[in-house]
Amino acid sequence: LERIPWLWRRLSFNYKITIRNLFRYQRRFWMTVMGIGGCAALIVTAFGLRGSIFDIMDKQFDEIYGHTAQIGMVNAVTPTELREITDTLDGNALVDGWLLCRSETLSAQTEEYTVDATLMVAADQQALEPLIHLRHRTEDTPVTLPDDGVVLTEKLASLLGVGPGDSITLDGDERVEVVVADITEHYIQHYIYMTDAYYESVFGQIPEQNLILADYPTGDPDAESLERELVGLDGVSSLTRVEDTRNTYGSSLASVDYAVVLIIVCAAALAFVVLYNLTNINITERMRELATLKVLGFYDRELSAYIYRENVILTVFGVGIGMLMGKLLHQWLILTVEIDMLMFGRTLSLPSYLYAVVLTILFSLIVNLAAHRKLKHIDMVESLKTVE
């Protein structure tokens, strides 16, 4: 640094001494930096884990799903029963839109893997789009649902190890092979989207509709009377609110908050133990140096600032490394804890980083306050022996 005059001249004497000490005790420097980095990484991971799990609720049920209810119909519904259902929906001012489609459970297979999935068959993408938004997670280009291929949800495609242009086998009432046209963002369960025309070409028959996706404000008091009216119709077998499904998944994932608190407590303990012990060792090994400074006229606050400056710089380095470590740890943990039927969020939000920075700095300040008490009790006479 002395060979960089424009930088060296701008440093005060105190900062020159601080920098000398940091580079002089390199082992302690890296131990402290990695300890603080581990603390910050754990906090980033804790908040990132919570965000990745609970953000999928908003993305799935607020952004991807445009419908608020699913109305299941009886097997072999008659035209008269179907007309009663559609007339009820069309005649109610609460209903913003609805879509008649087919839903069936089957297995999606490749040579290496088999996954249970739900096949959704709609007239075309234009009819499906208002009620289920197909989109890519990592790019802005639109998802295309053609008449010569299917669209897979992202986690399903990942499990099967396929992409656009590949073929998979659908094993339900019949066994057919279909071409993957595109991949869409999706987080809960596995879906395969197909048009009526492609269904007819691969299965050799016209799809029999058994499900209606409807969009109406479920929180409206009049919605309950609409639902009672629909459930009372002969052609309706079930009515499921999307909000109820969301609450079910949300309650099952609520225990994640306990894991987040546990990780933060462990991170706090790590930060305190590492920082406190390394600061303690630092003071003990330099006891005579610090006693000499007191003899030369350093007040307690000045002596504490002499040590604090080192801790602050180490904390800054540690937090910087911790952000990178936290991102890598978060990505690994998300892929590790994820179950087959769910896909957690892959991105870390800015608040996760901010919380980690603030909490790590807070832990560091607490350690500095504890170190100040030790520095105040340094005995100059006992520390400086006869040799000095």
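User: Which residues does methionine 120 contact, leaving aside its neighbours within four places in sequence?

Analyst: With those neighbours set aside, methionine 120 is in contact with Cys101, Arg102, Ser103, Ile132, Tyr191, Ile192, Tyr193, Met194, Leu211 and Leu213. Contact here requires heavy atoms within 4.5 Å. The model is predicted, so local features need pLDDT of at least 70 and side-chain atom pairs count only at pLDDT 80 or more, while totals for chains, interfaces and linings use all residues. Residues are numbered from 1 along each chain as its sequence is written, and side-chain values use heavy atoms, with hydrogens and water left out.

User: What makes a set of residues a nonpolar core, and which members of the largest one touch the most others?

Analyst: The set must consist of buried Ala, Val, Leu, Ile, Met, Phe, Trp, Tyr and Cys residues joined through side-chain atoms within 4.5 Å. Buried means under 20% relative accessible area, with exposed over 50% and partly exposed in between (1.4 Å probe, protein chains only). The largest core has 37 residues, of which Met120, Leu128 and Tyr193 touch the most other members. Elements giving two or more residues to this core include strand 2 (97-109), strand 3, strand 7 (191-195) and helix 12 (300-337). Helix 3 supplies the largest share, 8 residues. Another core, of 24 residues, lies apart from this one and has Leu156, Val162, Leu170 and Ile192 among its members. In soluble globular proteins, nonpolar side chains tend to be buried together.

User: Why is threonine 118 called buried?

Analyst: Its relative accessibility is 16%, which falls under the buried limit, and therefore threonine 118 counts as buried. Threonine 118 is placed in strand 3 (residues 114-122). Beyond its neighbours within four places in sequence, threonine 118 is in contact with Ser103, Glu104, Thr105, His190, Tyr191 and Ile192.

User: Why are helix 3 and helix 10 called roughly antiparallel?

Analyst: The two helices pack at an angle of about 170°, and their axes are 9 Å apart. Axes are lines fitted to C-alpha atoms, for helices over the stretch in contact, and angles run from 0 to 180 degrees between N-to-C directions. Angles under 35 degrees count as roughly parallel, over 145 as roughly antiparallel, 65 to 115 as roughly perpendicular and the rest as oblique. The angle between helix 3 and helix 10 therefore places them in the roughly antiparallel class.

User: In which sense do strand 4 and strand 6 run, parallel or antiparallel?

Analyst: Strand 4 runs parallel to strand 6 (residues 175-184), and 4 bridges join them. Valine 151 has aspartate 182 as its bridge partner in strand 6. Strand 4 and strand 7 pair in the antiparallel sense over 2 bridges, with valine 151 opposite tyrosine 193.

Technical notes. Pairing = 2+ DSSP bridges.
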